[in-house]
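Subject: Handing over the structure

Hi,

Here is the structure I promised to pass on to you. Have a look at it first, and then read on for what turned up in it.

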Amino acid sequence: MIKIAKYVLLDILRNRFVILYTFFLFLVTLSMFSLEGNSDKAILSLLNIILMVVPLVSIIFTTIHFFNSYEFIELLLSQPINRKAIFLSEFSAVSIALCLAYVIGVGVPVTLFSQGMDTVYLIISGMLLTLVFVALAFCASVLTRDKAKGIGVSLLFWFYFTLIYDGFVLYVIYAFNDYPLDKVTLALVSLNPVDLARIIILLKLDISALMGYTGAFYKQFFGSSMGIIYSFVFLLIWAALPLSISLRKFLKKDI
Amino acid sequence: MISVSKIEKRFGALDVLKSISANFEMGRSYALIGPNGSGKTTLIKSILGMVVPDSGRIEMDGESIKGKWSYRQKIGYMPQIGRYPDNMTIGQLFSMMKDLRSDCKAIDEELIEGFGLDKIMSKRMHTLSGGTRQKVSAALAFLFNPKVLILDEPTAGLDPLAVEVIKEKILTEMGDSKIFIITSHILSDLDELSSHALYLDNGSLIYNDSIALLKEETGEIKLGKAIATIMRRNQKNVIV
């Protein structure tokens with residue numbers, strides 16, 4: 001399995017997209033810190049960009065990569081190689097490449113400017129977010145047969161989690177604002193990996209006071225070590241669930 | 001020995017394989033014949049585990065292949081349309097395959113030289129013509145000295161010289177301990193290369209016996225004519 005992952009990783013590095021992505025993240029991070037004197041503010045602006053770009057690039061790149069390596073998968077399937085090993089090595093190679101790009105592009109420059117716990121959280125949650133969207137992309141690609149459809153489904157996932165879902169949450173809060181909603185919104189946040197990542201960082205930056213009563217409630221919940229563990233575990237579940245669904249589907253797929 | 005019993009496969013509303021049963025025995029070479037879309041490739045891919053049949057059982061040497069993968073050590077497969085990672089060179093492809101199959105010591109590179117692939121090792125896969133890709137596929141199928149060789153249209157798209165090279169290779173490899181399953185539309189090739197014929201039409205197995213018997217039964221000397229007779233007979237049955 002490691003051998004296969006090695007070849008997939010080599011293939012990914014051979015097309016220069018991941019290197020370009022790393023460079024882009026690096027440039028954005030550097031410019032954020034040089035524009036904002038305050039490192040908390042810089043991390044906040046950076047966060048807004050990362051929460052859009054990382055999921056988008058992860059999900060689209062993975063989907064395109066999967067369909068482009070269809071030939072490779074076909075070739076491996078005629079050899080005495082376990083289907084599960086092929087699938088997991090594809091997943092781990094793409095994840096390693098994208099996480100590495102994130103760590104080099106964002107992690108390294110941020111650590112140069114700010115060395116607090118918030119930096120650590122920013123790096124971990126960005127990597128988890130990458131894993132979640134890589135897994136979602138595998139789901140989208142295994143469930144569809146052609147590239148255009150696969151990319152379409154992937155884009156839909158991205159729109160849903162970054163835009164549509166927030167609108168839905170706002171609507172719920174607005175419509176039911178006569179009721180105590182903090183527990184409900186907590187549950188709603190857990191259902192969206194992007195929101196989870198955002199809240200981890202926001203609370204670490206100590207600006208939860210801006211979010212009123214709900215913010216205070218979140219602070220009480222997520223600020224505790226239990227809350228942090230809770231949100232990281234939920235992000236991991238968000239990666240594991242689509243991965244296991246797509247693996248199960250891939251094992252039965254006709255190539 | 002490979003035995004296929006009562007396998008069925010549907011793609012949506014299309015019945016591709018309708019309860020196919022057949023045995024493939026050691027030392028024999030099978031010609032898999034049938035019109036386009038009759039299910040030949042699906043049958044082959046089922047044996048390889050690339051397509052999972054809806055029902056039925058496929059056994060290799062007495063063991064079911066369902067969910068297994070190590071049995072493919074014994075199979076060499078040449079696909080109809082060989083598709084390979086675009087960014088790799090021919091040399092990288094062969095060394096990767098050898099690396100992935102490092103347990104296999106008996107390596108047969110005769111076809112790589114036979115086709116002259118050793119002289120173009122640094123060419124990238126996406127620059128290759130269809131025929132050269134076919135040569136790569138053929139060389140890969142024979143590379144690990146498999147017991148079972150499944151060749152899906154091995155001669156299609158090859159130049160006459162290469163066709164002779166691959167035919168000669170098939171004939172020298174044929175022996176008591178090997179099984180060949182060859183599909184082709186060029187029946188004169190199959191006449192030389194195979195001892196048994198399976199005729200598939202519309203997902204059903206119409207004929208499955210030795211070619212000698214087929215010729216005797218239809219009173220024809222050439223496989224092409226004998227098959228044409230069977231096809232005509234089959235069409236009549238459908239009309240009746």
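Which loop of chain B holds B:Ile120? B:Ile120 sits in the loop that links helix H3 (110–114) and helix H4 (130–143) of chain B. Helices here are DSSP runs of H or I with at least four residues, strands are DSSP runs of E with at least two, and both are numbered from the N terminus.

Before going further, a word on conventions. This is a predicted model, in which local features need pLDDT of at least 70 and side-chain atom pairs count only at pLDDT 80 or more, while totals for chains, interfaces and linings use all residues. Residues are numbered from 1 along each chain as its sequence is written, and chains are lettered from A and ligands numbered from 1 in the order in which they are written.

B:Ile120 counts as partly exposed because it has 16 C-beta neighbours inside 10 Å. (With C-beta atoms placed from the backbone, a residue is buried if 20 or more other C-beta atoms lie within 10 Å of its own, exposed if 12 or fewer, and partly exposed in between.) From B:Leu100, B:Ile120 is 20 residues away in sequence and 22 Å away in space, C-alpha to C-alpha.

Chain B as a whole

Chain B has 8 helices and 10 strands, and 42% of its 240 residues count as buried. Its C-alpha trace spans about 60 × 40 × 35 Å along the principal axes. The radius of gyration of chain B is 18 Å, which agrees with the value near 18 Å for a compact globule of 240 residues; the radius is taken over C-alpha atoms, and the globule rule is 2.2 Å times the number of residues to the power 0.38.

A sheet in chain B

Four of the strands in chain B make an open sheet, in the order S2-S1-S4-S5, with antiparallel pairing. Strands count as paired if DSSP finds at least two bridges between them. Strand S2 (14–24) and S5 of chain B are at the edges with a single partner strand each, so each has one side without a neighbour in the sheet. Inside the sheet, strand S1 (residues 2–11) and strand S4 (residues 55–60) of chain B are joined by 5 bridges. In S4(B), B:Glu59 is opposite B:Ser3, and B:Ser55 is opposite B:Glu8. B:Glu59 also has B:Ser64 in S5(B) as a bridge partner. The hairpin of S4(B) and S5(B) has 2 residues between the strands, and B:Asp61 takes a positive phi near 50° there.

The core and the contact

The largest nonpolar core has 140 residues, and A:Val132 and B:Ala139 have the most contacts inside it. Such a core is a set of buried Ala, Val, Leu, Ile, Met, Phe, Trp, Tyr and Cys residues joined through C-beta atoms within 7 Å. Helix H6 (residues 117–143) of chain A gives the most to this core, 16 residues. Beyond its neighbours within four places in sequence, A:Val132 is in contact (C-beta atoms, placed from the backbone, within 7 Å) with residues including A:Leu235, A:Trp238 and A:Ala239. Among the buried residues of H11(A) are A:Leu235, A:Trp238 and A:Ala239.

Finally, where the chains meet, chain A brings 20 residues and chain B 17 residues. H4(A) gives the largest share of the chain A side, 5 residues.

Best wishes

Technical notes:
Two residues are in contact if their C-beta atoms, placed from the backbone, lie within 7 Å.
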